[in-house]
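Biologist: I have the sequence and the model open side by side. Please walk me through them, one question at a time.

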Amino acid sequence: MAVDLAGAADGTLASRAAEGDERAFEVLLRRHLGLMTAYATRLTSSRADASDAVQEASLVIWRELPQLQAPDAVRGWMMRIVSRKAYDLIRSRRLADDVDELEVPSTSGAVDDPERVAASTDAMGALRSALDRLPAKQREVWTLREVGGESYADIAETTGTSVTAVRGLLARARETLTREMEAWR
Amino acid sequence: MSDDPTAPDHPTAAEPSAADELEVVDDGPISMERLSDYLDAGREPYDPEIEADPSALAQLAALTRLRAMTASIVAADAAAEPAPDPSWIAGVMSRVRLESRAGREIPLASSDPRSTLHITEGAVRALIREAGDSVPGAVVISCGIVGDVAEPGAVVRVEVAISALFGTAVQELADEVRRAVLDDLGRQTELVVEALDVTVRDVHQLDTDGGPR
């Protein structure tokens, strides 16, 4: 008889998956797939890239689960792997483009979703637009920090830059966002 | 940035109106980087200079609000994600199965001396999980086989950690799991189990924490 794992705690699923339980892994993956995809979409500004990044991340998660020290904290750990994989994609896209467009605001992905454009009459919509207008690097660092809850050191490692640079980007993103959101307080 | 401890506090005589208090000052004496670090450190240790500066406090409040709003946006995005494409899940799972965790090889006696039979440690773990899960109220969290399983007839110890359904008699549940696992191992493997330890490591409610959190 297969026990219903849908109600099992994250830590239980992570431990079982670490010991080879593929069914537990699938339940864990399905449980957090929406969040992983939303996070990767924010980072890459592309649903196709997000899907690829989450797929790659899923395999890394499966592979590295046996090394996870705190199974109860599996969700944050999964999110860090998603951001690493998303960033690998971002970096390879930039190399392929072969131009330094890092400070050019992105106009792809979430921006052209008509529902989201319509929603900018409220504060949430305003923040969505403000985030979309940020230079790509600032938006990425902001997302890693505020959505992923990652440390400056982790962000520096993921993005291949220094902690000082991360701190500067984050401060600029925060200045811009607080200024743009003043009208909505 | 003044570190002069004798510097007077920021003037508080001019009581700012509620509106002024909320106004974000771009060029305040306290840099955004310093405020960011302070916020990220959980406003610890207490920084009297920041905590006494109305514009810094307003900036901190704005940042805290931004953080909460960003979390809401992503939560809303996550909730709005369509159900995963079955072929996407199937693709990931088939790649996962290519990297199954077989673990050690455990020999089985063979009537034919020219051939050797093995069962993988991964298969034995699956067996233990299934046996433990079959006991109502128990969910196996983790299991392990301690000992030199590669040696035919070696004596091993089996460790099983379970989660118990809230309200079940824990001792009886552990005993039942022990019996179920021993039965199945005896039937389907040749392991010589000298001890089987069942630890109740967690208690769970019926399907209360299911679904995305």
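Biologist: How many residues of domain 2 of chain A are in contact with domain 1 of chain A?
Modeller: An automatic or database domain assignment sets the bounds, giving domain 1 (9-99) and domain 2 (106-185) in chain A. Two residues are in contact if their C-beta atoms, placed from the backbone, lie within 7 Å. Domain 1 of chain A brings 13 residues to this contact, and the number from domain 2 of chain A is 14.

Biologist: Before we go on, what pLDDT do local features need here?
Modeller: Residues are numbered from 1 along each chain as its sequence is written, while chains are lettered from A and ligands numbered from 1 in the order in which they are written. This is a predicted model, where totals for chains, interfaces and linings use all residues, side-chain atom pairs count only at pLDDT 80 or more, and local features need a pLDDT of at least 70.

Biologist: Back to those domains: which element gives the most to the side of domain 1 of chain A that touches domain 2 of chain A?
Modeller: Helices (H or I, at least four residues) and strands (E, at least two) are DSSP runs, numbered from the N terminus. Two elements supply two or more residues to that side, helix H2 (22-44) and helix H4 (74-97) of chain A. With six residues, the one that gives the most is H4(A).

Biologist: Where do the buried residues of H9(A) lie, seen down its axis?
Modeller: A residue is buried if 20 or more other C-beta atoms lie within 10 Å of its own, exposed if 12 or fewer, and partly exposed in between, with C-beta atoms placed from the backbone. In H9(A), Val166(A), Arg167(A), Leu169(A), Leu170(A), Ala173(A), Arg174(A), Leu177(A) and Thr178(A) are buried. Because these residues fall within an arc of 165 degrees, taken from the directions from the helix axis to the C-beta atoms, they line one face of the helix.

Biologist: Which element gives the most to the side of chain B that touches chain A?
Modeller: The contact between the chains takes 48 residues from chain A and 49 from chain B. Helix H2 (32-40), helix H4 (54-80), helix H5 (86-98), helix H6 (121-133), strand E3 (138-146) and strand E5 (192-204) of chain B each supply at least two residues to the side of chain B. The element that gives the most, 14 residues, is H4(B).

Biologist: How far does H6(B) reach from its first C-alpha to its last?
Modeller: The expected span is 1.5 Å times one less than the number of residues. H6(B) has 13 residues, and the expected 18 Å is close to its reach of 18 Å.

Biologist: Which strand do the bridges join to E3(B)?
Modeller: Strands pair if DSSP finds at least two bridges between them. E3(B) is mostly covered, with seven of its nine residues buried. Eight bridges join it, running antiparallel, to strand E4 (residues 155-165) of chain B.

Biologist: Is Ala138(B) buried or exposed?
Modeller: Ala138(B) is found in strand E3 of chain B and stands opposite Ala164(B) in E4(B). Beyond its neighbours within four places in sequence, its contacts are Gly132(B), Asp133(B), Ile162(B), Ala164(B), Leu173(B) and Val177(B). Because it has 25 other C-beta atoms within 10 Å, Ala138(B) is buried.

Biologist: What is the omega of the peptide bond from Glu44(B) to Pro45(B)?
Modeller: Most residues other than glycine have a negative phi, and most peptide bonds are trans. Pro45(B) sits in the loop between H2 and helix H3 (48-51) of chain B. The bond from Glu44(B) to Pro45(B) is cis, with omega near -15 degrees.

Biologist: And what is the phi of Arg43(B)?
Modeller: Arg43(B) is found in the loop between H2 and H3 of chain B. With 13 C-beta neighbours inside 10 Å, it counts as partly exposed. Although Arg43(B) is not a glycine, it has a positive phi of about 55 degrees.
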